[in-house]
Amino acid sequence: MARYLRSRLLWACVMVVGIVIVGFLITHILPGDPVDVLVGDFPAPPDYVTQVRHEFGLDQPLSTQLGLYVANLARGNLGFSFLNRQPVLELILQRAGATLLLMVPALILASVLGVMIAVRAARHAGRGVDSVLTGISLVGYSVPVFWLAQILIVVFAVKLAWLPAQGMFSIRTPGTGLGVVADYAKHWVLPGACITVYYLAVVARVARSSMLEMLHQDFVLTARAKGLSERAVLWRHVLRNSLIPVITVIGYNFGYSLTGAILTETVFAWPGLGSLFITSISNRDYPVLAGIFLLAAVAVVIANLITDLLYAAADPRVRVAAPAAA
Amino acid sequence: MRPRRGIVQGLLRNGAGVASALFIVFLVLVALFGPVIYSGDPLAISDSPMLHPGGSHLLGTDDLGRDVLAELVYGVRVSLFVGCVAAFAATVMGTLVGAIAGYAGGWVDTTIMRIAEFFQVMPTFILAVVIVALLGPGLLRVVAVIALLSWPQTARIARGEVLRVSQLDFVNGVRCLGVPEWRILFREIMPNAIGPVLALGTLIVGYAILLEASLSFLGLSSPDIVSWGRILSVGQRFLFSAWWLSVFPGLAIFATVLAFNLLGDALGDLLNPRRART
């Protein structure tokens with residue numbers, strides 16, 4: 001177990017180093033001069049441009065810039081947003097809360113509902129219920145999330161006027177205590193539903209096919225032969241043994257939640273990291289882009305690491321087998 | 001192994017598979033002959049902006065008076081092109097890499113799969129947005145980015161299949177006949193391992209179409225290219241007044257992606273040896 005743990009941890013560290021380098025490279029090698037943004041649209045005197053370039057260390061050779069970047073990262077300094085005139089880490093932390101408030105409830109809801117649907121579908125495999133449930137999850141998997149978002153807004157915010165279309169809180173009712181929570185909940189429903197639909201589909205798909213593979217194993221026959229109810233067979237035996245792919249997909253989704261947030265946040269003007277990412281793109285705010293990329297990728301590495309450990313907890317065979325190329 | 005004929009027959013028995021295959025054929029026909037059937041210029045700016053659907057412009061017009069139906073018809077080309085080319089490139093790349101990893105084993109396998117794992121950790125969408133935003137829009141660029149970020153999945157599947165097939169008895173039999181190793185891999189093992197890879201390739205088409213639409217939706221496509229995602233980004237600005245700018249292009253994307261996913265699933269059921277008897 002200790003060996004398995006150590007090798008996974010070591011590998012995670014290697015990946016993080018790789019991610020840092022990729023993050024640095026994409027934002028420093030690709031064309032587009034950040035100095036343009038700093039000096040603005042007006043024609044600036046060359047002296048001033050040089051001064052700005054020097055002030056931000058943009059005149060140093062790439063290798064020096066990379067060294068500086070890594071040294072700063074080690075001190076928890078993600079760089080400075082040229083545009084916002086604010087440290088990147090501060091900016092990201094400001095926005096991260098909103099993204100978590102959007103994503104975490106949706107992911108939990110999607111995981112629970114997805115597994116429930118999968119158990120239902122696997123139980124009636126090949127019959128009407130299964131087709132309907134599988135169909136629903138396939139729809140969720142294929143629908144463009146930004147389009148679903150638009151349709152929800154048109155129907156529930158514009159036509160029916162039941163729910164707010166954009167933002168996280170109302171501007172006019174600052175409210176306190178429960179009022180704020182209710183306000184947030186009301187704003188969460190539409191974007192939350194969008195995200196839930198997609199992840200529910202992903203979880204249900206994986207869980208169903210994993211359960212179907214298990215249903216044909218001998219131990220299921222044994223469980224049935226013991227006289228266990230179908231419900232007990234499915235929930236206690238089949239589901240538990242098909243958990244590994246399900247844990248993988250859920251862990252993976254948590255890691256990727258930042259990515260999932262981008263499109264939804266854009267449509268609903270949710271003030272999270274996704275919106276920050278999009279504004280940074282159009283402004284060529286390199287340090288912010290690199291910071292968000294870094295955060296997103298490291299989140300995946302951490303989620304994968306936790307997933308690997310959960311595997312080992314769920315399945316003793318993993319602990320023993322060689323971890324290479326798992 | 002199963003004869004080819006079985007695949008066609010099996011597919012015919014899968015209703016959803018048939019329907020989606022037919023729909024994809026229809027899309028291909030629209031892409032090839034659409035402009036002949038519906039002679040609207042998708043980029044022509046007319047003096048009648050924001051027309052409701054119906055009348056002379058069947059699906060209405062956008063803020064510049066461009067005909068939405070014409071845009072949809074031309075948009076098929078972009079979606080199919082990006083989807084198919086990206087999926088093809090990712091499949092070829094992934095299959096080669098995965099097959100070599102699975103067949104060679106040892107440190108080659110470990111190294112390749114570690115690289116694949118590294119690519120899989122990359123947040124695809126964020127990278128795609130950053131690269132396209134910084135390099136500037138362009139269809140081939142989008143295709144390249146999508147292919148570069150989707151091959152590891154294929155490599156994983158191909159590797160697993162090659163490992164499974166290479167343990168079958170007939171491979172040893174062929175080896176005893178003195179057939180060279182590369183020939184065993186490409187002529188004997190690959191044909192028997194390719195099924196799940198093809199099914200995944202079909203799913204990647206849908207994924208690539210969705211990704212292209214997302215990039216265009218964020219405004220990362222050139223203005224002279226008609227793309228479904230771009231119509232949706234116009235729709236976003238007029239969400240409160242012009243529902244048809246969102247509903248129709250979104251439906252087109254949805255139906256197309258759904259068709260490829262259904263077809264991919266049907267192929268997966270047929271070609272995956274582990275799911276053959278469900």
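The model is predicted: local features need pLDDT of at least 70, side-chain atom pairs count only at pLDDT 80 or more, and totals for chains, interfaces and linings use all residues. Residues are numbered from 1 along each chain as its sequence is written, while chains are lettered from A and ligands numbered from 1 in the order in which they are written. Helices are DSSP runs (H or I, at least four residues), numbered from the N terminus.

**Helices 9 and 10 of chain A**

- The axes of helix 9 (residues 218-225) and helix 10 (residues 230-241) of chain A come within 10 Å and cross at roughly 145°. Axes are lines fitted to C-alpha atoms over the stretch in contact, and angles run from 0 to 180 degrees between N-to-C directions.
- Helix 9 of chain A gives A:Phe219, A:Val220, A:Ala223 and A:Arg224 to this contact, and helix 10 of chain A gives A:Val233, A:His237 and A:Val238. Two residues are in contact if their C-beta atoms, placed from the backbone, lie within 7 Å.
- These contact residues divide into five nonpolar, one polar and one charged. Ala, Val, Leu, Ile, Met, Phe, Trp, Tyr, Cys and Pro count as nonpolar, Asp, Glu, Lys and Arg as charged, and the others, Gly among them, as polar.
- A:Leu221 lies in helix 9 of chain A. A:Leu221 is exposed, because it has 12 other C-beta atoms within 10 Å. The cut-offs within 10 Å are 20 or more other C-beta atoms for buried, 12 or fewer for exposed, and in between for partly exposed.
- The C-alpha atoms of A:Leu221 and A:Val233 are separated by 9.3 Å.

**Two helices of chain B**

- Helix 10 (residues 244-271) of chain B has 28 residues and reaches 40 Å, close to the 40 Å expected. The expected span is 1.5 Å times one less than the number of residues.
- In helix 10 of chain B, 24 of the 28 residues are buried, so the helix is largely enclosed by the rest of the structure.
- Helix 6 (residues 139-166) of chain B has its end C-alpha atoms 39 Å apart, which agrees with the 40 Å its 28 residues should span.
- In helix 6 of chain B, 20 of the 28 residues are buried, so this helix is also largely enclosed by the rest of the structure.

**Where the chains meet**

- 39 residues of chain B are in contact with 41 residues of chain A.
- Helix 10 of chain B gives the largest share of the chain B side, nine residues.
- That side has 27 nonpolar, nine polar and three charged residues.
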